[in-house]
Amino acid sequence: MENNNTCFQVRNLSFGYDKKAVLKNLNLKIPKGKITTLIGPNGCGKSTLFQLLTKNLTPSSGDILLGNIPLNQMSLKEFARRVAIVHQNNTAPGDLTVENLVSYGRIPYTKMGRSPSSPEDQKLIERAMKITGITGLRNRSIQNLSGGQRQRVWIAMALAQGTRVLLLDEPTTYLDIRYQIQILHLIRMLNRKCGITIVMVLHDMNQTIQYSDEIIALSSQGTVVAQGDPREVVSSPMLEQVYNVHLDVIEHDTRKIVMNF
């Protein structure tokens, strides 16, 4: 029976490349309606876990459930109607307009060879552009946008899918600090005001603490070290176990700040 509070359930999950184990017997639940962030050192398997959650990879053993349905029993089209994804490295023809790219989010609902053109399609495309603040860019080509604007367009395309789950792989990578904060504010708004479950990968610990409801910390051995509210589980010992480096965690106005002295 489906757990109404669980979005993804990972059961006895293992995965490896060329016989080298990356993830080992993972068991975890990703809550519905929250922002969950995957953290850990390079090579710990967080990106691999992300790829498994997005059906880009298949587990060596174990399974992943979306609600109460195993991912291996869902077609890619069915999955795309339930989960939207923004990858770290996205490419599109440079002369493609913003509105055309956002419209690609409706492809899971169209028949083969037809473009998204129904009134419902256009309504969701317009909504996605409005929410992400890119309506005024609709006729601009992708090649003429800044990095932060491009990221908003990719998020708008994901929103146009009309799903209740959004997965983002390092959404602030390659952006300057101003655009990083803008994108993180947008992600939090999508969760708080639109009710979208967010799962993302981040590297910056202070951004992780500030913008996440829950973190899943993976060790370099591909196991879960900690999971929970970052304000409760982030500590110097936990970070040392995860990253093998000492980091001071300071309490400030009910918030935690990670410092490296």
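**Reading the model**

Analyst: K55 is partly exposed, with a relative accessible area of 21%. Here buried means under 20% relative accessible area, exposed over 50%, and partly exposed in between, with a 1.4 Å probe and protein chains only. This is a predicted model, in which local features need pLDDT of at least 70, side-chain atom pairs count only at pLDDT 80 or more, and totals for chains, interfaces and linings use all residues. Residues are numbered from 1 along each chain as its sequence is written, and side-chain values use heavy atoms, with hydrogens and water left out.

User: Where is K55 found, and what is its phi?

Analyst: K55 is found in the loop between α1 (46-53) and β4 (61-66). Helices (H or I, at least four residues) and strands (E, at least two) are DSSP runs, numbered from the N terminus. K55 is not a glycine, yet its phi is positive, at about 70°.

User: Which strand holds N12, and what is its phi?

Analyst: N12 has its place in strand β1, residues 6-17. At 43% relative accessibility, N12 counts as partly exposed. This residue is other than glycine, and the phi of N12 is a positive value near 50°.

User: Is L76 buried or exposed?

Analyst: L76 lies in helix α2, which covers residues 76-80. The C-alpha atoms of L76 and N56, 20 residues apart along the chain, are separated by 9.7 Å. Because its relative accessibility is 59%, L76 counts as exposed.

User: Is V98 buried or exposed, and which residues is it in contact with?

Analyst: V98 lies in helix α3, and its relative accessibility of 0% means that V98 counts as buried. Contact means heavy atoms within 4.5 Å. Leaving aside neighbours within four places in sequence, V98 is in contact with M129, I134, L137, R138, R140, I142, L145 and V153.

User: Why does the length of α5 agree with that of a helix?

Analyst: Helix α5 has 14 residues, 147-160, and at 1.5 Å a residue it should span 20 Å. The expected span is 1.5 Å times one less than the number of residues. The end C-alpha atoms of α5 are in agreement with this, for they are 20 Å apart.

User: How many residues of α5 are buried, and which elements do they pack against?

Analyst: Helix α5 is mostly covered, with 11 of its 14 residues buried. Among them are W154, I155 and M157. The buried residues of α5 pack against β6 (83-86), α3 (98-103), α4 (119-131), β7 (165-169) and α6 (177-192).

User: Which residue with a positive phi follows α5?

Analyst: The phi of this residue is near 75°. The residue that follows α5 is G162.

User: What is the radius of gyration of the chain?

Analyst: The chain has 9 helices and 12 strands, and its C-alpha trace spans about 55 × 40 × 35 Å along the principal axes. The radius of gyration is taken over C-alpha atoms, and the globule rule is 2.2 Å times the number of residues to the power 0.38. With 261 residues, a compact globule would have a radius near 18 Å, and the chain agrees with this, at 19 Å.

User: What share of the contacts joins residues at least 24 apart?

Analyst: Buried residues make up 49% of the 261 residues in the chain. Among contacts between residues at least 6 apart in sequence, the share that joins residues at least 24 apart is 65%.
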